Structure formats: C-alpha cells, structure tokens
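Hi,

Have a look at it first and then read on.

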There are 2 protein chains.
Amino acid sequence: MWWGLEIQVKEKAHILISAAVRARASQLEGPGFNSHQGPGLSVWSLHVLLVSVCEWVFPEQLQQLLDLDLRDTGESEEALLRRCSDVIKYSVKTGHPRFFNQLYAGMEPYSTVGSFITEAIKTSLYTYEVAPVFTLVEQAVLKKMIEVIGWEDGDGTFNPGGSMSNMYALNLARYRHSPDIKENGLFGVKRQVIFTSQDAHYSLSKGAAFLGIGTKNICTVPTDERGRMVPSALEELILKSAEPIMVNATAGTTVIGAFDPIDQIADVCEKYGLWLHVDACWGGAVLLSERHKHLVKGIDRADSVAWNPHKMLMACLQCSGFLVRDKTHLLQRCHSARASYLFQQDKFYDVSFDCGDKSIQCSRKPDAFKIWLLWKALGTSQLEQRVDRALPAKPMKFFLLFFFFCLFQPEYANVCFWYIPPSLRSLPDGPELWEKIHKVAPVIKERMMKKGNMMLGYQMYQDKANFFRMVIINPDVGTDDLHFVLEETHRLGKDL
Amino acid sequence: MWWGLEIQVKEKAHILISAAVRARASQLEGPGFNSHQGPGLSVWSLHVLLVSVCEWVFPEQLQQLLDLDLRDTGESEEALLRRCSDVIKYSVKTGHPRFFNQLYAGMEPYSTVGSFITEAIKTSLYTYEVAPVFTLVEQAVLKKMIEVIGWEDGDGTFNPGGSMSNMYALNLARYRHSPDIKENGLFGVKRQVIFTSQDAHYSLSKGAAFLGIGTKNICTVPTDERGRMVPSALEELILKSAEPIMVNATAGTTVIGAFDPIDQIADVCEKYGLWLHVDACWGGAVLLSERHKHLVKGIDRADSVAWNPHKMLMACLQCSGFLVRDKTHLLQRCHSARASYLFQQDKFYDVSFDCGDKSIQCSRKPDAFKIWLLWKALGTSQLEQRVDRALPAKPMKFFLLFFFFCLFQPEYANVCFWYIPPSLRSLPDGPELWEKIHKVAPVIKERMMKKGNMMLGYQMYQDKANFFRMVIINPDVGTDDLHFVLEETHRLGKDL
C-alpha cells in the first residue's frame with residue numbers, strides 16, 4: 001500500500017520542514033487564560049503570553065536585520081534556518097488570541113494541514129487528469145455551500161480572494177445582460193451602471209475600473225444609521241440611471257459589519273430584472289447559524305454569492321467561494337477560451353469535470369480543500385457553534401464601559417469603539433472635542449504596535465472620527481483577552 | 001529568545017501535520033536512476049518507482065471512494081488521517097521525475113518550506129503592519145527580477161498566476177493611454193486593439209473579455225514556421241487597426257516554447273508609441289542563463305514583463321511576478337481605491353510600504369517568499385545551472401529516434417513529437433495518414449493514465465495532428481527517464 005511505504009525525507013528538507021511545522025506550532029499554542037479551556041493549559045498559556053502578537057521593527061531596520069538581498073551563491077543550511085527563524089519571529093502572529101486587526105484571525109489545525117497538503121501536492125485546478133481529487137473536493141464544497149444558501153442547484157468556483165469573486169459577479173451580470181460584450185467589448189455600448197451601498201467593499205470600485213465599466217458607474221446607494229442599504233433609495237437611483245445591470249448587496253460590511261436587507265433588495269432586482277449579487281465574503285458564515293441566519297434572509301433569491309470561509313470559519317488564507325444560481329453553464333460560457341492544449345475534447349473521461357474554463361485564471365490553487373478538511377473534522381454543528389459564540393452579546397458587556405463608547409450595537413463580529421482619554425471627558429461636545437478624539441486612536445495604535453501585546457485596527461467611518469474596530473472571531477479569545485484589550489487601551493491612552 | 005522557546009503542538013494537530021509532511025516527503029523522494037545522482041540513492045529510487053505518477057480512477061468512482069460529502073457531525077482523527085492518506089494517494093505526483101505534463105514539475109524542498117511557512121504565518125500582503133517581513137521579501141524579489149530584466153528601476157507585484165499578470169498589463173497599457181477610462185469606463189471610447197501572436201497564451205483573450213475590451217479586439221499576428229511573431233506582419237496590422245494600445249510578445253509559448261523577437265517588436269512599439277508587454281511567464285528563466293538569454297534580447301525595452309518562478313525555477317505554486325518599468329507609481333495610480341479602513345494616511349510608519357493598493361485584490365498571498373528562500377539557498381549561479389541543464393541539446397538526442405518525429409528542433413524545454421505506430425509507417429504521406437496519426441496520442445494517453453507510470457500531454461497545433469508535448473524541467477529527470485518515455489510510448493502504442 002502506497003501510504004504504508006516507509007517514506008524518508010532528504011535531510012536538508014527535513015530540517016527545514018521542521019522549521020515550518022514549528023512556525024505553525026507557534027500559532028497553535030492557542031489561548032491565554034480563557035474560560036472555555038481547562039486549567040491544564042497553564043504552562044501552555046505562559047508560552048503564548050511570552051510570544052508577542054508582533055515584534056515591531058521599522059521597515060528600514062528590518063531590511064537590514066533580515067539581509068534580504070539575493071546573491072550569486074547560495075547560503076548554508078544553518079544560515080537559512082536562521083533566516084526562517086527571523087522571518088517567523090518578525091511576522092505578525094495572526095493566530096494569537098489578542099490579534100483583532102483583520103477579518104481573519106485564529107488558527108485552525110485542520111485547515112493548516114489542508115494547506116500543507118495542497119502545497120505539498122503542488123497542482124493546479126483546471127483538468128481532472130492533473131487534479132482528480134481536488135476537482136471533486138471543490139465540487140463537494142461548492143455543492144454544500146449552494147445547499148446552505150438555499151438554492152436547489154448551482155455552480156461556482158474558488159477564487160484567490162473575495163475581490164475576485166465580486167469581479168466575477170460584475171462580469172457574469174454584464175454577460176447575462178449582453179453576451180456579445182465578451183467578443184465586442186464595451187465600445188459604443190450604452191453606459192452601464194452597478195448599484196451598491198456606500199459601505200460596500202472597495203473591490204466593487206476596483207472591479208469597475210478593471211472591467212472597463214469605470215468607477216463613476218458604480219452608483220452608491222445611501223445607507224441608514226446602521227450602515228444598511230436603503231431599498232427605497234436604491235429604487236429611486238435605478239429609475240434615474242443609464243443602463244442598470246447589477247445590484248450588490250453586502251452581507252457584513254467591512255468596517256461596521258452591517259447586513260443589507262437582501263429580501264427587499266431582491267424585490268427591487270426582480271422588478272427591474274437586475275442581477276443580484278450578495279457580497280457575503282465576511283458575513284456568509286451566519287448561513288450556518290439557526291440563530292443568526294435571519295441576517296441574510298432572501299439570500300436564496302440572489303443570482304450570485306461571494307463567501308470566504310477564510311474569514312469567520314477560519315480556513316487558511318485564501319479560501320474564497322463564488323457561487324452562482326444559474327444552471328446553464330453561465331460561468332463557463334462567460335469565461336471560456338477553450339485552449340486546445342488543455343481542454344481537449346477527445347479525452348477518455350467526461351471532460352465536464354475539467355473546470356479550468358470557468359475561471360479567468362489558468363493555474364488556480366485547490367483552496368477548497370482547506371475548508372473541506374476542516375468541515376469534515378468539525379461537522380456543520382461545530383461550525384455553527386463557533387459562529388454563535390463569536391456573535392454579539394458577549395463582547396458588548398465589556399465594551400459598554402466607562403471611557404469607551406461604542407458606535408453601534410454590533411450586528412456581527414465587528415466591535416467599533418472610541419476610547420476617550422480622561423483629559424477629554426469634561427470637554428463639551430462639539431467639533432473641537434471630536435478633532436481631539438480623532439487623534440487618539442493613531443497614537444494608541446503606535447504605542448500598541450511598539451509594545452506588541454495586542455493588535456486592533458482603527459479607521460474613520462463617514463463623518464465619524466477615528467475609532468477602533470475590533471474583530472472578534474478567534475474561538476480562543478476569552479473574556480480575559482477582552483478585559484485585557486480594555487485595560488491596555490486605557491494604559492496606552494490615559495495620558496492623551 | 002522567541003525561537004528558543006520549547007514549543008509544543010497540540011496532539012491532534014501534530015498527527016495531522018505529520019501527514020502533511022509525509023505528503024511532501026512522497027514528493028521529495030526524487031529521481032529514479034538518474035545519471036547526475038550518486039549511487040547511494042538506490043533504496044530511495046526503489047521507493048519512487050513504486051509510487052506511480054498517478055493512480056487513475058474515473059470521477060464517479062473516486063467520488064465514492066473519497067466520501068466527499070460534508071455532514072452535520074465531525075469525523076474521528078483516524079478517519080481524517082485515512083482521508084488525507086487517500087487524498088495524497090489519488091493525487092497526481094507532479095514532483096515525480098516522470099511527470100512531464102505541465103509547465104511546472106519537480107519539487108524543490110526550499111520552496112516547499114517557504115510555502116509551509118507562508119501558510120503557517122497566515123497573513124495577507126496589503127499593509128506593512130500586518131505583513132512586515134513578507135512586504136520586504138516581495139520588494140527584494142521584485143528588485144532582483146527588475147535587475148535581471150535589465151531595468152535600472154521599476155515596480156511590480158506578485159499575482160495569483162500569469163493570466164492575472166497579463167491582465168494587469170492590459171489594464172496598465174489602457175490606463176497609460178487614457179487614464180480617464182478608470183473613472184468613465186470604455187463606453188463611447190474608440191475601439192481599442194491589442195496585438196499578440198496567434199500562439200500567445202489564452203489569458204490575453206480571457207483578459208480582453210474580462211476587461212471589457214472584447215476578444216475580437218485581440219488582433220492575432222501571424223507567426224513564422226517556428227511559432228515566432230512576424231514583426232513586419234505586426235506593423236501591417238497596426239497600420240490597419242482602430243486604436244492600437246499594446247503589443248504582447250511571448251517569451252516561451254505554451255505549446256512549442258517559441259520566443260517572439262522582442263527587439264524587433266520593441267522597434268515597432270517605439271515607432272507607434274505602444275505599450276510593450278512581454279509574457280515571459282514560461283520563458284523568463286532564460287534571463288538567468290548567460291548561454292540562453294539571447295532568446296529574450298530586448299526585454300529591457302518592455303514596459304511590463306510577466307514571469308512565473310513557479311514554472312522553470314520550480315518555486316511552489318503559485319509564484320507569479322509582474323514587473324513594470326514605470327517609476328511614477330503607475331501600478332498604484334491605475335489600481336488604487338484608497339480604502340480608508342486599510343490605508344490610513346496618519347500611520348506612524350512610512351505608508352509607501354503598504355503595497356495593497358497596487359493590486360486589484362484585497363487579500364493577497366505572500367508568494368514571493370517561495371522563490372526568495374529558494375534563491376537564498378541556491379544562489380543565482382545554481383539557478384542558472386538548472387536552466388542550462390533543462391534546455392535543448394540533451395533531450396534531442398533521444399527524440400530523433402526511429403518511430404518518433406519531432407515537430408521542431410526545440411528552442412526551449414518543450415519537446416513536441418509524434419509517435420508513429422509500425423502499422424502506419426508504410427502508408428503514403430497525405431491527409432489519410434495524418435487523420436490516423438491524429439488518433440494515436442489520445443489512445444496512448446488513455447493507456448498511459450491508466451497505467452500511471454508516466455504523464456505527458458498531447459494537443460494539436462494549427463493544422464498539425466495531435467502530438468505529444470513533453471516538458472522537461474525537473475532537475476531530477478535523468479537520461480533513463482527519457483529512455484523510459486520513448487520505450488513506454490512505443491509499448492503503449494505499437495499495436496495501433
């Protein structure tokens with residue numbers, strides 16, 4: 001049996017692969033003093049607290065430190081191992097329970113293994129013959145996602161990120177509207193317009209530029225006070241626009257985690273015959289939760305959905321699904337170029353398994369495996385528990401404290417708050433106060449990065465001054481970590 | 001010291017990570033009985049010959065075998081380990097010295113380690129703060145590639161594949177020509193035309209469709225008898241076209257490995273003020289070889305170059321560089337959307353290190369590390385030796401044998417040949433003979449896949465009947481492997 005062979009590894013590779021495994025091990029250490037973990041983890045916990053989230057070094061210094069130049073002659077194993085060690089040391093520990101900076105966080109051993117296996121197997125998804133297993137794995141994951149969305153059937157592809165998925169939606173919507181654009185281009189065509197909320201991800205805008213639609217033809221629809229698209233405003237804008245093509249509804253906006261009212265938007269799309277795309281890259285995970293899936297009510301009426309398991313579900317980067325309700329091979333027809341050296345029609349197996357022509361890429365990574373293995377290990381039920389654990393209630397208890405002001409009661413895992421230093425607390429409300437508050441977050445962030453024991457992001461939102469956005473999804477985050485963030489933020493900012 | 005910490009790995013992760021490492025180990029076994037390897041490898045060699053290149057199973061059976069469905073409850077560690085084992089078993093061993101099917105092959109332990117580390121660190125390239133090391137690593141690799149191309153300075157980005165790089169070139173060329181298209185789109189603009197040879201990669205066509213240019217506006221320039229673009233034909237077509245924008249020269253075509261005459265094409269581009277992009281995804285590696293770099297003479301006159309170290313240089317998938325000669329932040333200006341939540345301007349470090357807005361993606365993998373570590377280990381000199389070893393001379397001795405007819409004396413690592421079964425050898429030349437030859441390769445391929453001891457691809461080229469294209473780049477390929485391909489092809493096809 002193949003698996004039973006006693007497999008040896010060349011010595012040098014063995015040493016270096018151990019380094020890589022140790023890198024992952026440093027992420028695997030898990031929680032600090034978290035309530036949902038047993039007490040046996042104390043030594044463990046000590047380790048993780050000794051490892052900083054980041055070890056800040058300015059770019060110019062780090063360049064020196066890492067000796068990045070590529071030279072004529074190779075380096076010794078020892079030197080390489082030292083370099084790998086430094087690479088790991090100075091990288092941000094995104095798996096650390098006090099990393100809250102991005103829409104991904106935490107680490108998931110099963111998915112890491114999935115990643116390592118896809119890297120080790122080194123193949124590309126285009127023909128069944130060169131990637132038999134991963135072709136079927138991708139199909140299986142897409143099928144499950146389609147089922148969870150609530151469609152009877154459908155199609156899809158994994159992409160290198162949600163931005164690409166949103167661009168696929170733009171292209172499919174345009175293709176369905178006027179299939180001849182694929183051949184003739186947009187020259188001389190009536191100006192086409194795409195609708196999305198003002199809080200939508202910037203990939204819609206990037207996509208419009210890239211696809212020749214133009215950023216001006218992304219029509220931004222106003223949102224309500226909680227960042228959700230206003231359907232009546234959408235309808236008004238459609239009536240005034242040149243050639244409406246597609247509406248993008250966002251399920252989980254990037255900054256505040258708002259969910260557009262998909263059902264009402266679907267009514268508008270139906271009325272005007274527009275393609276409805278749901279950018280659920282961030283919020284798609286609620287589909288797995290009985291308690292929270294009302295947030296995406298109506299998603300089954302969408303024509304396409306983007307959903308990234310590498311965010312809330314913690315698959316490794318990148319793992320981005322793009323799903324289409326169409327059953328007429330729209331994805332294939334829209335993107336195919338029928339390269340004769342790859343997609344021969346005289347093969348001895350069913351060539352409908354060759355999925356490469358659904359994609360605009362040629363070589364494409366088997367990313368679906370990263371969520372497949374994780375899903376196999378945890379089952380839908382445990383994934384659901386994670387989503388439920390990550391969402392509201394819990395963080396709010398801690399953030400509605402003295403000195404901290406939440407911008408919104410969160411719908412999702414984004415917690416947005418201002419820290420108000422004591423010196424500003426007695427000032428009267430007004431532009432002057434907010435100008436001062438605006439400068440607080442960048443200073444705290446600088447001190448935080450240099451100290452390196454936690455990491456969260458800040459930004460503005462509309463006319464609101466700089467605030468922190470803390471994204472809480474890592475299942476290893478405990479109440480102690482949340483307390484720590486509050487206390488540490490106060491320590492770092494109380495003199496401002 | 002952080003690296004010195006005794007790091008433990010959770011038990012379950014440890015077992016599974018071992019599985020992943022074993023997966024790589026199966027690829028690491030290296031050569032069969034290759035002349036350039038010492039005799040100490042015999043046990044080793046036995047192992048690799050016991051492992052098939054592929055274990056063919058039809059899709060429907062494999063679906064059953066792997067039990068791909070995702071369910072409510074998770075599975076046991078043992079079951080998962082068995083699944084991983086099956087995933088590895090039924091995947092194609094692209095690192096096997098008898099895998100010649102794609103433009104990538106072989107395995108490179110250093111790059112694998114680079115892959116594992118990037119997976120383990122789990123971060124994305126957009127801000128320095130979240131990916132300090134990889135930001136600088138990417139810069140260092142781009143700088144080296146720019147130096148090797150022969151530019152004084154430049155810019156670039158790594159992309160998820162060469163198709164994407166070619167699309168970046170289209171978008172930059174268009175942006176330089178009419179920057180306002182980014183905002184306004186192509187509506188009402190005069191029809192723009194892109195020139196490329198008829199042998200160019202299909203991503204140009206896919207890109208034209210995706211970017212709203214239209215596949216019809218890709219003007220294909222005739223090639224000479226060796227698959228190289230004819231510059232005089234290019235000039236004639238430019239004079240007749242609507243609004244010429246860009247010329248794509250291919251350095252290493254996909255099927256036959258031809259190099260367009262870049263210098264002469266550059267003359268034409270200069271004369272008409274057109275953007276010159278060189279798709280050197282496949283052939284870029286010759287830049288490292290004193291002996292072979294004449295093939296890309298004039299590449300330093302290009303405006304942009306696509307070059308994939310995951311092909312000839314054997315970095316892990318994906319590792320695709322896109323380089324631009326411009327020094328005025330064209331890449332940034334063309335693609336930026338200035339997302340305020342990510343690219344704050346009030347940061348405490350030099351935000352020019354935040355590279356995210358050069359890309360159309362949001363999250364992007366630190367792929368450059370896969371070639372950086374490899375380059376550090378081998379140095380330019382060993383990379384050069386590999387390129388030199390892979391190119392012409394050697395394979396030709398074996399392929400100009402009885403029963404085999406090469407289509408062309410290869411310029412690069414693509415060896416294209418027909419196998420003529422004995423029964424056809426006495427037939428007169430003519431359409432009837434070629435019709436029969438056309439059917440030979442698919443049958444041999446079927447038998448080859450089912451036997452599983454080697455793998456090479458076949459296709460047509462222009463009016464030429466189906467032939468085999470064998471891509472020889474793996475440094476572990478020895479003369480025995482080449483002999484084996486010939487003998488085995490004869491064994492599989494002699495009765496046809």
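R83(A) makes a salt bridge with D67(A), with 3.0 Å between the closest N and O atoms (the term stands for a side-chain nitrogen of Lys or Arg within 4 Å of a carboxyl oxygen of Asp or Glu). R83(A) sits in helix α4 (residues 77–90) of chain A and D67(A) in the loop between α3 (59–66) and α4, so the pair ties together parts that are 16 residues apart in sequence. R83(A) is buried at 14% relative accessible area, while D67(A) is partly exposed at 22%. For those words, buried is under 20% relative accessible area, exposed is over 50% and partly exposed is in between, with a 1.4 Å probe and protein chains only. Helices (H or I, at least four residues) and strands (E, at least two) are DSSP runs, numbered from the N terminus.

Before I go on: this is a predicted model, where local features need pLDDT of at least 70 and side-chain atom pairs count only at pLDDT 80 or more, while totals for chains, interfaces and linings use all residues. Residues are numbered from 1 along each chain as its sequence is written, chains are lettered from A and ligands numbered from 1 in the order in which they are written, and side-chain values use heavy atoms, leaving out hydrogens and water.

Back to the charges. Over all chains, the search finds 71 salt bridges. Another one is E290(B) with K293(B), at 3.3 Å from N to O; E290(B) is exposed at 59% relative accessibility and K293(B) partly exposed at 35%. Through shared partners, D67(A), R71(A), E75(A), R83(A) and K376(B) are joined into one salt-bridge network.

K445(A) and E129(B) also form a salt bridge, 2.6 Å from N to O. That pair crosses between chains, from helix α16 (residues 431–451) of chain A to the loop between α5 (109–121) and α6 (132–149) of chain B. Both K445(A) and E129(B) are buried.

Now chain A. There are 17 helices and twelve strands in it, and 68% of its 496 residues are buried. Strand β2 (residues 155–159) of chain A has five of five residues buried, so it is largely enclosed by the rest of the structure. D155(A), T157(A) and N159(A) are on one side of β2(A), with G156(A) and F158(A) on the other. β2(A) pairs antiparallel with β8(A) (residues 320–324) over five bridges, and pairing requires at least two DSSP bridges between the strands.

One residue to look up is K311(A): an unreviewed UniProt entry lists it as "modified residue: N6-(pyridoxal phosphate)lysine", and such annotations may be inferred rather than shown by experiment. K311(A) lies in the loop between β7 (304–307) and β8 of chain A and is buried at 13% relative accessibility. Beyond neighbours within four places in sequence, K311(A) is in contact (heavy atoms within 4.5 Å) with L103(A), Y104(A), C281(A), W282(A) and I473(A).

In chain B, seven strands make an open sheet with mixed pairing, in the order β2-β8-β7-β6-β5-β3-β4. β2 (155–159) and β4 (218–221) are the edges, each with a single partner strand, so one side of each is left without a neighbour in the sheet.

Happy to talk it over.
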